[in-house]
Amino acid sequence: MSEAGDVIASPAAAPVVRLSAVGLAYGKVRALDSVTLEVPAGCMVGVIGPDGVGKSSLFSLVAGARAIQTGRVEVLGGDMADAQHRRTVCPRIAYMPQGLGKNLYPTLSVFENVDFFGRLFGHGRRERERRINELLNATGLAPFADRPAGKLSGGMKQKLGLCCALIHDPDLLILDEPTTGVDPLSRRQFWELVERIRANRPGMSVLVATAYMEEAARFDWLVAMDDGRVLATGTPHDLLARTETRTLEEAFIALLPEAQREGYQPVAILPLKAGEETEVAIEARDLTMRFGSFTAVDHVSFRIRKGEIFGFLGSNGCGKTTTMKMLTGLLPASEGQAWLFGHPLDPHDIDTRRRVGYMTQSFSLYGELTVRQNLVLHARLFGIPSARIEPRVQEMAEHFGLTEMMDDLPAVLPLGERQRLSLAVAMIHGPEMLILDEPTSGVDPVARDAFWRILIDLARRDNVTIFISTHFMNEAERCDRISLMHAGQVLVSDTPAAIIEKRGARNLEEAFISHLEEAVAKNPQAPPAAGAPRLPQEQAAPAAANLAPRRQGFSWRRLFSYTRRESLELRRDPIRLTLASLGSVMLMLVLGYGISMDVEDLAFAVLDQDQTTLSRDYALNLAGSRYFIEHPPIRNHAELDQRMRAGEISLAIEIPPGFARDIARGTPVQIGAWIDGAMPMRAETVRGYVQGMHQHWLTAKAREAYGSEATAGLFSIETRFRYNPEVTSLPAMVPAVIPLLLMLIPAILSALSVVREKELGSIVNLYVTPVTRLEFLLGKQIPYIALAMINFLLLTALAVSLFGVPLKGSFLALAAAALLYVIAATAFGLLMSAFVRSQVAALFGTALLTILPAVQFSGLIDPVSTLEGVGALIGQIYPTTHFVTIARGTFSKGLGFMDLRASFVPLLIAVPVLIGLGAALLRKQER
Amino acid sequence: MRSAHNILHLGIKELRSLVRDPIMLVLIVYAFTFSIYTAATAMPETLHKAPIAIVDEDRSALSNRIIDDFYPPYFLPPALITTAEMDARMDAGLDTFALHIPSGFQRDLLAGHSPVLQLNVDATRMSQGFTGSSYIQAIVSGEVNDFMRGYRAETAPAVDLVLRARFNPELDKSWFGAVMEVISAITMLSIVLTGAALIREREHGTVEHLLVMPVTPFEIMSSKVFAMALVVLAASWFSLTFIVRGLLAVPIEGSVALFFAGATLHLFATTSMGIFLATLARTMPQFGLLLLMFLLPLQVLSGGMTPRESMPDAVQFIMQAAPNTHFVMLSQAILYRGAGLDVVWPQFLSLAAIGAVLFTLALARFRKTLATMA
């Protein structure tokens with residue numbers, strides 16, 4: 001660190017980045033430990049080290065994407081802890097996070113992605129189109145402008161990322177592992193591109209993290225990191241000289257602390273014994289895999305001998321994994337054939353599976369099981385006899401150095417140890433063949449070499465055939481034979497030495513590139529090589545022209561750029577779109593028919609022990625109403641009991657013997673009525689009906705006997721059921737269900753929209769671009785408000801047409817209230833998304849916090865005034881309450897604006913409060 | 001034999017995974033304890049603090065006695081208003097009931113002129129309006145009868161109707177709420193747990209791992225179905241025993257063993273449904289959205305919330321295909337009415353058939369989508 005000054009012949013005076021005692025911890029895990037560093041300006045600075053040493057954390061702090069915990073971070077002459085400074089410099093910084101296309105939007109096309117970033121930085125339409133054209137031409141992406149970003153190859157994604165980063169002419173370009181997993185040709189093109197851009201913008205500083213040491217050798221200045229600390233800094237030459245090593249990889253190992261290097265020894269390659277030509281472990285002939293119109297693997301053929309280490313070398317997405325999956329039987333081949341141990345491959349052949357061990361690209365064991373449980377489970381599933389399981393697990397643990405962590409969960413293990421566990425699991429049943437898909441990606445060099453020693457040992461001593469894929473050249477060189485793969489095709493298969501020799505190249509990388517160039521020339525579909533890309537002329541133009549649109553404060557353009565993007569994404573996601581457009585209509589149908597309190601067509605039966613005209617008349621009185629349907633008569637008490645238990649009848653009437661006689665005599669008689677109380681609400685209604693019918697019958701009988709004056713009682717109560725004279729469920733429920741649905745679905749969708757970005761990583765664009773929180777939130781909210789209003793119209797139409805509930809009052813008042821209400825609902829969703837981190841939490845959290853208050857506390861069934869305690873309080877302020885009043889007022893009561901003005905006030909208050917809270921709680925930096 | 005062995009060990013793995021998933025554990029505990037307790041106890045009485053207004057134009061001793069008859073907890077203290085205010089208050093939703101006592105009511109009553117009271121009910125508030133109006137009728141009649149007792153001889157009705165509610169004599173809503181909540185928790189959790197178990201494997205890439213081992217899709221699916229069904233059965237047994245019968249003191253009439261036999265058949269169907277939904281979704285969030293669109297109709301239209309016979313015929317017919325419908329029927333029959341197998345065998349048969357169909361469909365779909373999962 002202190003040498004920074006003397007190693008660099010820097011023209012710039014001040015360093016572009018200055019860190020002092022910077023620390024960062026994720027919970028208990030320390031990512032950065034008191035890092036002090038000065039990064040010289042105007043040059044290409046590389047940060048080297050394996051995964052998980054803190055490179056990405058360091059970069060996110062420098063880019064301002066993550067909040068500083070301890071220490072001081074100065075970038076471009078100001079303190080990054082200061083929000084004002086961050087706002088000023090963020091248009092001068094471009095940040096490309098780790099992961100292929102992490103900050104891109106996979107469903108948006110290449111053009112739409114770059115366009116989105118252009119809008120965020122406030123360029124006008126003409127300016128934007130000019131820049132996008134230039135950048136796409138320069139990177140060779142122009143022919144693919146309409147292809148969705150998610151369907152690009154790794155190399156193209158990274159070029160697109162670069163376009164997005166360069167759209168605003170940054171002074172500091174931060175690239176976090178931009179070439180990991182990218183094929184060597186694209187990698188070379190990528191660096192050529194960066195070089196050309198630097199040539200045109202000499203003042204620009206570039207900060208790059210990389211896991212490829214060969215790449216780092218070309219940078220101006222390096223920072224070697226391990227375990228959250230800086231090991232050394234200096235020019236590549238300087239580092240080599242200091243450690244007295246030949247390559248940076250060796251230099252890095254030499255720089256590691258003593259303890260970590262312990263037991264390290266270089267990998268010794270034992271040559272394969274000759275003379276076993278006859279035994280073929282795997283043979284593939286014209287294996288082809290098509291996904292729709294896309295050919296992932298195109299007529300691939302190879303032969304692997306028993307005991308051989310065979311390597312597949314190629315970029316991400318070139319078809320390595322797909323080929324391996326076909327060989328394991330995971331994917332049925334579209335065409336071609338393969339033989340394992342001389343038998344044709346049959347995906348359903350359980351017995352062949354016992355002879356093969358497979359290790360997937362990413363760690364894919366059960367994170368919830370301990371190391372021992374994982375090993376035992378796999379041993380059991382491979383049918384190892386119970387008695388032999390324990391010794392076998394022990395043996396594997398010793399062989400792979402896992403004895404000390406048998407009861408740990410895989411999640412707490414370092415990557416290298418997890419890979420050893422994966423290998424142990426793949427070996428548990430003693431297979432004759434191992435298929436390993438990029439087993440060492442992300443593992444540090446020391447652990448990687450240790451892993452390779454095990455592999456070589458297995459192949460040479462136990463004669464295990466190993467089929468391995470990798471994108472590291474030095475690993476490929478260790479294989480007996482390799483195949484170079486690109487775009488689904490095998491370019492060449494031979495021993496590494498022979499491949500280099502035939503091409504007359506200096507090393508494997510050059511040979512590979514030469515093969516790639518040949519393949520690309522043959523196939524115009526692939527991205528064009530860096531033929532003669534016209535460079536953006538404007539890059540060198542004075543920056544003054546671009547400063548104008550970089551205004552601070554609120555910008556409608558940035559806001560609408562989010563609106564546009566959100567609508568595009570939503571349109572391309574079938575499940576969310578279905579829920580947004582049809583979800584509420586479907587639920588309305590369900591609830592409209594389901595939440596019915598009407599009790600009709602009740603089954604009843606009579607136990608008539610009198611059997612007179614009068615007793616039959618009583619039963620007919622019931623059967624004649626629309627509420628009851630008579631079932632066959634009951635013969636005795638046992639039958640009554642049995643039929644009620646079966647739920648066949650909800651009401652049983654018992655007419656005693658001598659019923660007619662006693663009435664004639666004036667002796668008091670009792671009719672018994674049994675109601676099924678299993679469903680109390682229904683029972684209450686039945687009770688009401690039966691009582692009413694009984695009275696009705698009595699009055700009618702009295703009228704027959706004594707004439708009409710006999711019916712006059714003391715007094716009468718005339719009940720008027722207002723607004724819904726039939727007292728049926730639909731007019732009561734439908735207007736109240738609309739508010740429920742207009743809360744639930746818009747809130748869930750808007751909550752998901754922000755959390756999705758958090759999960760997928762594109763939220764980083766909020767952190768590092770000039771967009772403000774309010775612009776971000778409102779921009780994302782607009783499409784959902786529009787959708788919710790369409791839903792409102794659909795639901796209203798459905799209510800009026802299908803459910804036949806007339807809208808008696810002012811439609812305008814209802815629509816105005818609906819608009820306010822859905823703005824509040826979507827704002828509520830956005831507020832939720834400020835708290836939660838995962839989409840699942842957003843989904844269930846929002847559902848819980850909307851359904852419960854909207855159903856229970858908002859007057860849907862019981863009026864708010866009848867509630868008590870917290871429920872009453874929530875009910876009074878919850879927007880649904882007020883919209884329910886307005887909906888019922890306009891639908892059933894025939895009211896307009898003036899009658900309902902009191903209910904508009906709470907909605908008018910809720911909107912700014914919810915939006916304001918959401919903006920205040922959303923973070924502009926990751927913590 | 002080999003197959004059963006694999007299913008058993010994969011099932012044990014599912015249980016171990018579940019133990020380490022705090023969110024699901026919280027969900028299970030919440031659904032089978034708090035949720036049931038609150039659903040059972042929070043259900044308000046049909047009539048609780050109902051807002052009533054009275055227009056008293058009579059201002060007599062009797063009208064005052066009537067006004068005094070309305071008090072909490074059934075009614076809020078009545079608001080005394082004028083005829084002019086009545087409509088506006090009802091429009092604004094301030095009152096559910098407005099009782100109009102005309103001037104000269106007491107006088108006309110004593111004179112035997114049969115005066116008429118007018119009761120206005122806001123029928124958009126259905127349940128309260130309907131029950132409340134009959135309460136009001138009874139209260140007013142009782143008061144008037146008491147008042148008149150001194151003036152006129154009592155006339156006993158010749159025919160008396162004796163109403164008794166079977167299985168729940170007091171019509172206690174918490175009985176119903178508690179058991180129905182257990183039933184919906186069983187359905188919800190069985191779908192969520194199995195679906196999440198499959199999606200978790202898919203998101204972690206472990207499905208792929210299983211497929212290269214000597215296990216079949218049938219074994220993978222069966223292990224999830226049986227492990228998750230076991231968890232839900234255990235949790236619902238706990239809940240029924242300690243929360244419903246213990247804490248809430250709800251009497252259970254019938255055979256609990258028979259109920260759980262029915263629940264097992266039901267779980268066979270719903271866990272298969274969980275697998276099916278999980279094959280449609282690619283991620284947990286998508287699964288959640290699908291769940292929302294599937295679970296709500298299942299629960300609402302099953303007859304567990306509102307009586308089936310009041311739904312349109314088409315809905316009743318379609319819902320015959322849903323396992324919930326039959327499960328709700330058999331649970332109500334067994335738990336409330338003490339029905340035996342002789343009564344509920346048709347539901348058992350339907351559940352077994354639906355379960356078999358769903359399992360077969362889910363397995364076919366699971367096999368088909370495995371290629372895209374790996």
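Me: A residue is buried if 20 or more other C-beta atoms, placed from the backbone, lie within 10 Å of its own, exposed if 12 or fewer, and partly exposed in between. Is Gly594(A) buried or exposed, then?
Reply: Gly594(A) is buried, because 25 other C-beta atoms lie within 10 Å. Please note that this is a predicted model, in which local features need pLDDT of at least 70 and side-chain atom pairs count only at pLDDT 80 or more, while totals for chains, interfaces and linings use all residues. Residues are numbered from 1 along each chain as its sequence is written, and chains are lettered from A and ligands numbered from 1 in the order in which they are written.

Me: Where is Gly594(A) placed?
Reply: Gly594(A) belongs to helix H23 (residues 574-594) of chain A. Helices (H or I, at least four residues) and strands (E, at least two) are DSSP runs numbered from the N terminus.

Me: And what is Gly594(A) in contact with, beyond its neighbours in sequence?
Reply: Leaving aside neighbours within four places in sequence, Gly594(A) is in contact with Val300(B), Leu301(B), Met305(B), Thr306(B) and Met311(B). Contact here requires C-beta atoms, placed from the backbone, within 7 Å. Ser729(A) lies 135 residues from Gly594(A) in sequence and 10.0 Å from Gly594(A) in space, C-alpha to C-alpha.

Me: How many residues does the contact take from chain B and from chain A?
Reply: It takes 102 residues from chain B and 107 residues from chain A. On the chain B side, the largest share, 12 residues, comes from helix H7 (residues 126-148) of chain B. That side has 56 nonpolar, 29 polar and 17 charged residues. Ala, Val, Leu, Ile, Met, Phe, Trp, Tyr, Cys and Pro count as nonpolar, Asp, Glu, Lys and Arg as charged, and the others, Gly among them, as polar.

Me: Changing topic, how is chain A divided into domains?
Reply: Chain A has domain 1 (4-255), domain 2 (280-355 + 431-522), domain 3 (556-592 + 728-921) and domain 4 (602-711). The bounds come from an automatic or database domain assignment. Between domain 1 and domain 2 of chain A, the C-alpha centres lie 32 Å apart, and each of these domains gives 17 residues to their contact. On the domain 1 side, the largest share, 4 residues, comes from H7(A).

Me: What about chain B?
Reply: Chain B is divided into domain 1 (2-43 + 170-373) and domain 2 (52-148), whose C-alpha centres lie 49 Å apart.

Me: Which residues of helix H2 of chain B are buried?
Reply: In H2(B), residues 22-32, the buried residues are Met24(B), Ile28(B), Ala31(B) and Phe32(B). Seen down the axis of H2(B), they fall within an arc of 85°, so they line one face of the helix. That arc is taken from the directions running from the helix axis to the C-beta atoms. The face turned away from the buried side carries the exposed residues Pro22(B), Ile23(B) and Val26(B).

Me: What is the phi of Ser114(B)?
Reply: Ser114(B) has a positive phi of about 50°, although this residue is not a glycine. The loop that holds Ser114(B) runs between helix H6 (105-110) and strand E4 (116-122) of chain B. Ser114(B) counts as partly exposed, with 13 C-beta neighbours inside 10 Å.

Key: Two residues are in contact if their C-beta atoms, placed from the backbone, lie within 7 Å.
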